[in-house]
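Please keep the sequence and the model in view while reading.

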Amino acid sequence: MLFNLRILLNNAALRNGHNFVVRHFRCGQPLQNKVQLKGRDLLTLKNFTGEEIKYMLWLSADLKFRIKQKGEYLPLLQGKSLGMIFEKRSTRTRLSTETGFALLGGHPCFLTTQDIHLGVNESLTDTARVLSSMTDAVLARVYKQSDLDILAKEASIPIVNGLSDLYHPIQILADYLTLQEHYGSLKGLTLSWIGDGNNILHSIMMSAAKFGMHLQAATPKGYEPDPNITKLAEQYAKENGTKLSLTNDPLEAARGGNVLITDTWISMGQEEEKKKRLQAFQGYQVTMKTAKVAASDWTFLHCLPRKPEEVDDEVFYSPRSLVFPEAENRKWTIMAVMVSLLTDYSPQLQKPKF
C-alpha cells in the first residue's frame, strides 16, 4: 500500500513537471526530520547537540525494529565500503561494525597494525587522503585522539572514533539506547559512575546533560577526569539544569543512582601500571553493598570486557545487569551512525521518548 502510494504520487509529480521522490509516509504525512548528519565526522559527542544524538538513537531503534523484529532486508549501504583501523584489539567494536556494515549491504575492510602504521610508514595526512579515495568512511580505534583529529582534518570522508585515549562515543550511544529501552526515557535518570576517569566517563560527561540526566562520578585520587572536559561538563549541566557531582567516595556516587556504571581499571597500554592501579582502586568494586544505597530501580552497565575486581558476580549476573543487551546494542548503534553519516535515510519508526 505504502509502495503503491509512493508510485502514484511520484507519477503525478512527474506529469506536473516535478521531479522528486516521496520517502516515508505515516498516516498520510511525511516524516519531518530536521537533523542532517550526512558527511559529518563522529570524533566526540561534544560536537553534537542533544537532538542530533537523539536522532542517532532513534535511527538505532528503527533499524533494530525493522531488521531484528520485522525481518526486513535494508541494503542502505550497498556499494559502500568502510576502512576499519584498529591499533587496539576489540571484540565488540570489530564484530558490531563488521557485521552491522555488511548486514546493510556494505563492505567493511579490517586493518590492524600489521597492515597500517598510522604516522609511521606513512604520514597521517597521506593515509587520510588514500583512504578517502578508496572508502566511503573510516572507523579508527586508536591510542591518541590527536591522530583522529588529523585524520578528520585531512580526509574528505567521515571519520568515526572507535575509541581513543579521550573518548569512546560509540559505546555511549549503545549505553543510552539500552537505558532508553529499559526505562522508557532518559530524562531525569541519575548515572552513577564508579571507576577510572577515562574515555567512557569523558563521553558520558559530554552528553548526559543534553538528555537531562544527572551524573555522580567517583574516581580515586589521581584518576579524576580531564580538567578541561570537567569544565565543559559543568557548563553543560548548568545550561541543561542537571547535576554534576565528582567525588572520591564510591558510595557517595552510588547514592540514589538509577544506573551504576563501571569499566576496566586497566586499559590497553596501561599494563605497566597494573599493580599501582589495583591498589589505588581498592574499595571501588561494585557489589550489592553499593547497590543498597542506589535507587530502588537501579540497573548496572559495563562496556566489557569485565574483571571480577571491578564488579562481583552477584551484580554482574543479576537480573539488574544490562551488560549483554548493552553489548548487542553496539551493533544497532554503529549501524545507525554509518547510515546517518553516509545516507539520506530517515527512520520510519515512531520517535522514542527521550
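The accessible surface of the protein chain comes to about 16400 Å², and carbon and sulfur atoms account for 51% of that area. The model is a predicted one. Overall values for the chain are collected here.

| Property of the protein chain | Value |
|---|---|
| Secondary structure | 13 helices and eleven strands |
| Residues counted as buried | 55% of 354 residues |
| Contacts joining residues at least 24 apart, among contacts between residues at least 6 apart in sequence | 73% |

In soluble globular proteins, nonpolar side chains tend to be buried together. Here the largest nonpolar core has 65 residues. The members that touch the most other members are Leu-42, Leu-63, Val-160, Tyr-176, Leu-186, Leu-191 and Ile-204. Leaving aside residues up to four places away in sequence, Leu-186 touches Leu-57, Tyr-176, Leu-179, Gln-180, Phe-211, Met-213 and Phe-354. Another core, of 20 residues, lies apart from the largest one; Ala-254, Trp-265, Ile-266 and Phe-316 are among its members.

Five of the strands make up an open sheet with parallel pairing, in the order 9-8-7-10-11. Strand 9 (244–247) and strand 11 (299–302) each have a single partner strand, so one side of each has no neighbour in the sheet. On average, neighbouring strands of this sheet are turned by 15° against each other, direction ignored.

Within the sheet, strand 7 (residues 190–194) pairs with strand 8 (residues 214–218) in the parallel sense, over five bridges. Which residue of strand 8 is the bridge partner of Trp-193? That partner is Ala-217.

Technical notes: Residues numbered from 1 in each chain as written. Predicted model: local features only at pLDDT ≥ 70, side-chain atom pairs only at ≥ 80, totals over all residues. Heavy atoms only, no water. Helix = DSSP H or I, 4+ residues; strand = E, 2+ residues; numbered from the N terminus. Buried < 20%, exposed > 50% of the residue type's maximum accessible area, 1.4 Å probe, protein only. Contact = heavy atoms within 4.5 Å. Areas by Shrake-Rupley, 256 points an atom, 1.4 Å probe, with all protein chains shown as cover. Core = buried A, V, L, I, M, F, W, Y, C linked by side-chain atoms within 4.5 Å. Pairing = 2+ DSSP bridges. Axes fitted to C-alpha atoms, helices over the stretch in contact; angles between N-to-C directions.
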